[in-house]
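Dear colleague,

Please find the structure below, handed over for your study.

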Amino acid sequence: MDIRPLRKDDRSILFSILSDSKVFTQVEIEVAMEIIDIVLNNKDQKDYFIYCMVDGQDKPVGYICYGPAPMTEGTFDLYWIAVNPKWQNKGIGSKLLSFLEESVKRQGGRMILADTSSIPQYERTQRFYIRNGFREVARVSDYYYPGNDRVTFCKKIY
């Protein structure tokens with residue numbers, strides 16, 4: 001499997017991956033698609049980078065979206081990582097994170113931040129980050145709505 005930049009013909013597949021995951025809300029999917037459209041329609045933008053892990057037929061089975069955190073030196077935000085449910089538990093998410101780390105290193109980055117939710121459907125996501133060397137560094141109670149905290153994970157790149 002290869003990792004390559006996002007292409008226009010990937011858009012509908014990424015929408016399906018986000019929808020089929022049964023983790024993201026409709027609003028979250030809409031935001032993810034807005035960012036995908038920004039990347040596809042504005043080649044000069046420097047806020048978001050999107051790469052896809054593709055199968056043998058060059059079709060995305062997962063993707064990662066990240067970018068430099070504004071007003072920082074070497075801090076990057078991981079905005080989205082999603083894998084087709086049929087391809088989960090095969091190391092694709094971890095490979096996408098490794099790709100992200102290498103990209104951040106090449107760009108002089110020193111840390112990656114990832115925000116997630118505290119509700120039960122995001123427990124797997126939290127465990128995924130921890131397994132991949134991230135640690136919880138912040139929690140904002142009731143951030144998304146009462147009872148749903150924002151949990152920030154960090155991985156320092158050396």
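Two strands are said to pair if DSSP finds at least two bridges between them. Helices (H or I, at least four residues) and strands (E, at least two) are DSSP runs, numbered from the N terminus. In general, the strands of a sheet pair through backbone hydrogen bonds, either parallel or antiparallel.

This is a predicted model, in which local features need pLDDT of at least 70 and side-chain atom pairs count only at pLDDT 80 or more, while totals for chains, interfaces and linings use all residues. Residues are numbered from 1 along each chain as its sequence is written, and side-chain values use heavy atoms, with hydrogens and water left out.

The sheet. Seven strands form an open sheet in the order β1-β2-β3-β4-β5-β7-β6, with mixed pairing. At its edges are β1 (2–5) and β6 (135–145), each of which pairs on one side only. From one strand to the next, the twist averages 25°; angles run from 0 to 180 degrees between N-to-C directions, and axes are lines fitted to C-alpha atoms, for helices over the stretch in contact. The strands β4 and β5 run parallel and are joined by 4 bridges; D77 has L113 in β5 as its bridge partner.

The helices. Helix α1 (residues 11–20) lies across β2, β3 and β4, at about 95° to β3. Which residues of α1 are buried? They include L14, I17 and L18, where buried means under 20% relative accessible area, exposed over 50%, and partly exposed in between (1.4 Å probe, protein chains only). Seen down the axis of α1, its buried residues fall within an arc of 95°, so they line one face of the helix; the arc is that of the directions from the helix axis to the C-beta atoms. These buried residues pack against α2, β2, β3 and β4, contact meaning heavy atoms within 4.5 Å. Helix α2 (residues 26–41) also lies across β2, β3 and β4, running at about 115° to β4.

The cores. A nonpolar core is a set of buried Ala, Val, Leu, Ile, Met, Phe, Trp, Tyr and Cys residues joined through side-chain atoms within 4.5 Å. The largest has 22 residues, and I64, L78, I81, L97, L100 and Y129 have the most contacts inside it. Helix α3 gives the most to this core, with 6 residues. Apart from it lies another core, of 21 residues, including L6 and Y122.
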